[in-house]
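Please look over the structure shown below. The report that follows goes through some of its local features and the packing of its helices.

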Amino acid sequence: MIYLYAIAEELTGLPDVRGVDGAPLGRRSVEGLDLVVSEHDGAEVAASEEAVLAHARVVEGLVERADALLPARFGRGFRDEAALRDAIEGRAASLRDALAQVRGCVEIGVRVLAAEPAPPPATESGRAYMEARLARSEETERLARELHEPLAALARAATRTVGATPRLLLSGAYLVEPGALDAFRHRVEELEAEHSELTFVSTGPWPPYSFAPGGET
Amino acid sequence: MTSVPERPLEQQITLLELIDRVLNKGVVLTGDVTLSVADVDLVYVGLRVLLASVGTLERLGE
């Protein structure tokens, strides 16, 4: 099985780290795209936290060695060289577009948590309950937009995902050019000051995991 | 003397944000083999729990 870490353009070398399960890294080239892989016996790699971190270390080490880089999702392997080649060839155009988009940028993550899980409204009728619930979800959506849009305006691209918990008001990823990083961070601080009741968690810079094409599951 | 409670929490968030990205983002190609992810769900649940607790911890610190 051939395990894939990342797809890159103008890769200048491989980082001095081992891959998943301690496997040495290798390179392949398909349609002008550089692939970073490792070879494994059998069809499975155990999905431990250590394996996830090994994957992440490889990607991290590639960032400074590539002109543009798309991380692969964890746990993706291919039967053989032909299967890997087929998968890349079928997507070469969209992969090139995605590489052009992320070139030179880093990803910044911003999560915003609501102050309190709002208590269910005291209701006298089912209708009042439904109306209160609707008003609350509209308010949540309005607030999420109010936080997301000014940040997206400073980014080359941005994505928003629905929160994993009701308290997770905003879960955004922003593709930011290095020259805009200070302005972006400053804007996050401003929003934080304007919304002292909310908790902001800003992380990065990350490799552009959230801007690599590949299904929203 | 460093601030004891904040730092480990910050590091944990960074770690879990990283794991979330590696597991749930990134290029997916058709025709690939999906590997066993039984343990991975547990890691992801950890992220949700931690995020939910961040606000609570900050309020306690005030």
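## A loop with two positive phi angles

D21(A) lies in the loop between β1 and β2 of chain A. The model is a predicted one, and in it the phi angle of D21(A) is near 60°. That value is positive, and D21(A) is a residue other than glycine. D21(A) counts as partly exposed because it has 15 C-beta neighbours inside 10 Å, while a buried residue would need 20 or more and an exposed one 12 or fewer.

E10(A) is also placed in the loop between β1 (2-9) and β2 (26-30) of chain A. Its phi is near 55°, again a positive value in a residue other than glycine. E10(A) has 13 C-beta neighbours inside 10 Å, so it counts as partly exposed.

Helix α3 of chain A covers residues 92-102. Which of its residues are buried? They are L95(A), A98(A), L99(A) and V102(A). These residues cover an arc of only 100° around the axis, and therefore sit on the same side of α3(A). An α-helix has 3.6 residues a turn, so residues three or four places apart point the same way.

The other side of α3(A) carries the exposed residues A93(A), D97(A) and A100(A). The buried residues are covered by elements of chain A that include β1, β3 (33-39), β4 (68-71) and β8 (168-176). Just after α3(A) comes G104(A), with a positive phi of about 80°.

## Helices α4 and α5

Two packed helices are described by the angle between their axes and the distance between the axes. In chain A, the axes of helix α4 (residues 126-152) and helix α5 (residues 181-194) come within 10 Å and cross at roughly 160°. Because angles over 145 degrees count as roughly antiparallel, α4(A) is roughly antiparallel to α5(A). Their crossing is right-handed.

On the α4(A) side, the contact is made by L147(A), P150(A) and L151(A). On the α5(A) side, F184(A), R187(A), V188(A) and L191(A) take part. The residues of this contact between α4(A) and α5(A) divide into six nonpolar, no polar and one charged.

## A cis peptide bond

Where is P205(A) placed? P205(A) is in strand β9 of chain A, which covers residues 199-206. The peptide bond that leads from G204(A) to P205(A) is cis, and its omega is near 5°.

Methods
Residues are numbered from 1 along each chain as its sequence is written. Chains are lettered from A and ligands numbered from 1 in the order in which they are written. This is a predicted model: local features need pLDDT of at least 70, side-chain atom pairs count only at pLDDT 80 or more; totals for chains, interfaces and linings use all residues. Helices (H or I, at least four residues) and strands (E, at least two) are DSSP runs, numbered from the N terminus. Axes are lines fitted to C-alpha atoms, for helices over the stretch in contact, and angles run from 0 to 180 degrees between N-to-C directions. Angles under 35 degrees count as roughly parallel, over 145 as roughly antiparallel, 65 to 115 as roughly perpendicular and the rest as oblique. A crossing is left-handed if the near helix is turned anticlockwise from the far one by less than a right angle, and right-handed if clockwise. Two residues are in contact if their C-beta atoms, placed from the backbone, lie within 7 Å. Ala, Val, Leu, Ile, Met, Phe, Trp, Tyr, Cys and Pro count as nonpolar, Asp, Glu, Lys and Arg as charged, and the others, Gly among them, as polar. The arc is that of the directions from the helix axis to the C-beta atoms.
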